[in-house]
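Colleague: Hi! I'm new to this one, could you walk me through it?

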Amino acid sequence: MLFETPGRQLRLANLPTPKPGAGQFLIRVHACAVCRTDLHVIDGELTRPKLPLIPGHEIVGTIEAKGDGAERFEIGDRVGIPWLGWSCGECAYCKSGRENLCDRARFTGYTIDGGYAEYTVADQRFCFPIPSLYGDAQAAPLLCAGLIGYRSLVKAGNGKRLGIYGFGAAAHIVAQVARYQQREIYGFTRPGDRDAEKFALALGTVWAGGSNELPPEKLDAAIIFAPVGELVPQALKAVGKGGVVVCGGIHMSDIPSFPYEILWEERSVCSVANLTRRDGEEFLALAPQVPVRTEVQTFPLEEANEALARLRSGKIRGAAVLVMDAASPN
Ligand SMILES: [Zn+2]
Ligand SMILES: [Zn+2]
């Protein structure tokens, strides 16, 4: 499924199977989850995509061929491919354990082709083994909703009372990890969205309500997954002294100005950008211990536009995942 022009639907296209370069694998894609970031790319809010582009950065597939020197996995091994597709290893960020901020990073489904396809190629260093507990479709959302969600949770610190704004794919995974860590979760959903509220409660939140409401007690931290800038001052009001507000998305509408008083007393706001391979290794080791169970709604590859439309309108419970047929080589 090809992205060619911002604001237009993806186009079903027949492309040659890519060839793995040095250090790369050819991967037959079995499932690729649909992320809100894909909407930001398609809507033109992320302005530097490769064009034309195959979107998708939560890929689960099996190794079908090896490029020169690609020895880390064997043919037939199942791997996951995340958003971070390449980093330079040489810049100050890479050298200080912060490859998520690499100056020359390349991103799957954004600056390199991704997984809305039957085949893709990936740098062997950026593939993860997938825990056997998970089916292909169930594993796919772990690769971004899970990884970025986990990074956001770590940034939120160790406080007991955690607010989560936006109960989509990332939140439904993070809530399970946070409960496992014996935290109390407060779920904030679109005002009036009773289905989302029920979903939040089903995930074990101690309280669920509209994002325009304040929780019954001050929170230690809040994570905002919804791409809505108005939620930043709202979350600052919900956290107590020293509280942290983590913005987990890659794009957000403008944050309205707010009185210094709600930042005062050492509250802080930070964003989470991308992931490191270490985040992936930590989270994929943790997920089966919790165990994180993902709720997925699957669509055939050619219905990617429908999956994106449903995600946009808030109609996906858990995560949307594209699943590929037993692919016929072209
Ligand atoms: Zn993503
Ligand atoms: Zn770098």
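Predicted model: local features only at pLDDT ≥ 70, side-chain atom pairs only at ≥ 80, totals over all residues.

Colleague: Great. Which protein donors does the zinc ion (ligand 1) have?

Modeller: The zinc ion (ligand 1) has Cys35 (SG), His57 (NE2) and Cys144 (SG) as its protein donors, at 2.0 to 2.2 Å. Along the chain, their spacing reads C-x21-H-x86-C.

Colleague: And where do Cys35 and His57 sit?

Modeller: Cys35 is in the loop between strand E1 (24–34) and helix H1 (36–42), while His57 is in the loop between H1 and strand E2 (59–66). The two are 22 residues apart, so the pair links distant parts of the chain.

Colleague: Is Cys35 buried or exposed?

Modeller: Cys35 counts as buried, because its relative accessibility is 13% and the cut-off for buried is under 20%. His57 is buried too, with a relative accessible area of 0%.

Colleague: Changing topic: which residues of helix H6 are buried?

Modeller: In H6 (residues 194–202), the buried ones are Ala196, Glu197, Phe199 and Ala200. They lie on the same side of H6, because they cover an arc of only 160° around the axis.

Colleague: What covers them?

Modeller: The cover over the buried residues of H6 includes helix H5 (169–180), strand E9 (184–189) and strand E10 (207–210).

Colleague: Which exposed residues are on the face turned away from the buried side?

Modeller: That face of H6 carries Arg194, Asp195, Lys198 and Ala202.

Colleague: And what about Gly204, which follows H6?

Modeller: Gly204 has a positive phi, near 90°.

Key
Residues numbered from 1 in each chain as written. Chains lettered and ligands numbered in written order. Heavy atoms only, no water. Donors = N, O, S within 2.8 Å, 3.2 Å for Na, K, Ca; no water. Helix = DSSP H or I, 4+ residues; strand = E, 2+ residues; numbered from the N terminus. Buried < 20%, exposed > 50% of the residue type's maximum accessible area, 1.4 Å probe, protein only. Arc of directions from axis to C-beta. Contact = heavy atoms within 4.5 Å.
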